[in-house]
Amino acid sequence: AAYLQKVVSNTKFDLTINGDDGKRLVRKGETNLGDLAADAMRFSVGAQIGIENGASVRVTISAGAVKYQDILNVMPFANGMCLIRATGRQIKEALAQGASKLPEESGRFLQVSGLHYTAGVDTKNDGDAAQVRIENVQVETDKGFVAIDEDALYTVGLSSYVAYEGGEITAFRGSEIIMDD
């Protein structure tokens, strides 16, 4: 119990899963805590890209001292940490799978680090489901952000759930697993 109360960091502002309106956003849009979770996935394994699903980022951390228990509350699942090698095409497919329920909330929505993209929704007037578009996917390089190459290989840090255990994101099935811990 004492270990869980150990202060591991401090923040001057809330690390949130909510939008400016106070409503949960992490399952359909970018949040600063979602970004931090994806950054952690990326930097902990030295990957080019970090990815985490919005459902795994559970609660806001209030400004002030950050305890180990706070981190466990944010990401309470015992998923393993993975480093994979994936093609640009697989990454774009994963982004599309993650955004497939927009504009509705979905735990499959992906928070990312080391890349930018735009998700758009085309609404239909004939009763058909909305069509989600993934556009402008750019990967961070030493020269800034550049368009993703669908045939190039990238290293991706992510949870085992997103890599191969969960049913929502299947794009990474068959990717080379470099590390699975």
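By class, 3 nonpolar, 2 polar and 1 charged residues line the largest cavity. Here Ala, Val, Leu, Ile, Met, Phe, Trp, Tyr, Cys and Pro count as nonpolar, Asp, Glu, Lys and Arg as charged, and the others, Gly among them, as polar. This is a predicted model, where local features need pLDDT of at least 70 and side-chain atom pairs count only at pLDDT 80 or more, while totals for chains, interfaces and linings use all residues. Residues are numbered from 1 along each chain as its sequence is written, and side-chain values use heavy atoms, with hydrogens and water left out.

**View 1. Meet the cavity.** On a 1 Å grid over the protein atoms alone, a cavity is a set of points where a 1.4 Å probe fits but cannot get out, and a pocket is an open set with protein on both sides within 12 Å along at least five of seven lines; lining residues have an atom within 4 Å of a point. The count is 1 cavity of 30 Å³ or more. Around the largest cavity sit N53, Y161, V162, G166, E168 and I169.

**View 2. Step into the largest pocket.** It's lined by 24 residues, with A37, A40, I71, V74 and M75 nearest its centre. The lining splits into 15 nonpolar, 8 polar and 1 charged. Helix α1 gives the largest share, 6 residues; helices (H or I, at least four residues) and strands (E, at least two) are DSSP runs, numbered from the N terminus.

**View 3. Over to the second largest pocket.** Here β6 supplies the largest share of the lining, 5 residues. By class, that lining has 8 nonpolar, 6 polar and 4 charged residues.

Terms used: Points joined across faces, edges and corners; volume = space filled by probe spheres on them.
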